[in-house]
Amino acid sequence: MRAALEEAGQAAATSDVPVGAVVVDADGVVLGRGRNRREADADPTAHAEVLALRAAAVARGQWRLSGCTLVVTVEPCTMCAGALVLARVERLVFGAFDDKAGAVGSLWDVVRDRRLNHRPEVVSGVLAEQSTDLLLRFFAAHRDQSA
């Protein structure tokens, strides 16, 4: 999670919401990293999780990320939850819950939907306070700039 927090911290430099993600294999080797880049890339799909999953798939040479863990600072949205299910990620670890867009228990629970053929293990609340603090500081600074 500390590596994901480092990625999140770098997102603010491009005015992106500070969310970071890493994908690690069963041995703990980091296969992919990502941070939000929607603003930087003008890409609505440039979420930290998607970028980390893409990088891990390239590193592995295949789209199936069986045996891997996605670690992300904030609860994934519906797009990212769907992507990690489709990538066959074994485990999702996240920090802060997202009451406005979360799809791993807050608003929806995509990853535990019994109709899907893959359901990863979920571990939530890991370093949640640090993840939340990054977000609160980012949005407070944005409000100050808007005033």
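Author: A residue counts as buried under 20% relative accessible area, as exposed over 50%, and as partly exposed in between, with a 1.4 Å probe and protein chains only. The model discussed here is predicted, so local features need a pLDDT of at least 70 and side-chain atom pairs count only at pLDDT 80 or more, while totals for chains, interfaces and linings use all residues. Residues are numbered from 1 along each chain as its sequence is written, and side-chain values use heavy atoms, with hydrogens and water left out.

Reader: Is methionine 79 buried, exposed or partly exposed?
Author: Methionine 79 sits in helix α4, where helices (H or I, at least four residues) and strands (E, at least two) are DSSP runs numbered from the N terminus. It touches Pro44, Thr45, His47 and Val50, leaving out residues up to four places away in sequence, and contact means heavy atoms within 4.5 Å. Because its relative accessible area is 31%, methionine 79 is partly exposed.

Reader: What distance separates the C-alpha atoms of methionine 79 and glycine 105?
Author: Along the chain, methionine 79 and glycine 105 are 26 residues apart.

Reader: How are α3 and α4 oriented, roughly parallel or roughly antiparallel?
Author: Axes are lines fitted to C-alpha atoms, for helices over the stretch in contact, and angles run from 0 to 180 degrees between N-to-C directions. The axes of α3 and α4 come within 9 Å and cross at roughly 20°. Angles under 35 degrees count as roughly parallel, over 145 as roughly antiparallel, 65 to 115 as roughly perpendicular and the rest as oblique, which makes α3 and α4 roughly parallel.

Reader: Which residues of α4 make the contact with α3?
Author: On the side of α3, the contact is made by Glu49, Val50 and Leu53. The residues that α4 brings to this contact are Met79, Cys80, Ala83 and Leu84.

Reader: Why do the buried residues of α1 lie on the same side of the helix?
Author: In α1, which spans residues 2-11, the buried residues are Ala4, Leu5, Glu7, Ala8 and Ala11. On the other side of α1, Arg2 and Glu6 are exposed.

Reader: What is the relative accessible area of serine 131?
Author: Serine 131 belongs to helix α5, residues 128-146, and, leaving aside its neighbours within four places in sequence, it is in contact with Leu5, Thr73, Gly95 and Ala96. Serine 131 is buried, with a relative accessible area of 1%.

Reader: What is the phi of arginine 88?
Author: Arginine 88 lies in the loop between α4 and β4, and at 23% relative accessibility it counts as partly exposed. Although arginine 88 is not a glycine, its phi is positive, at about 65°.
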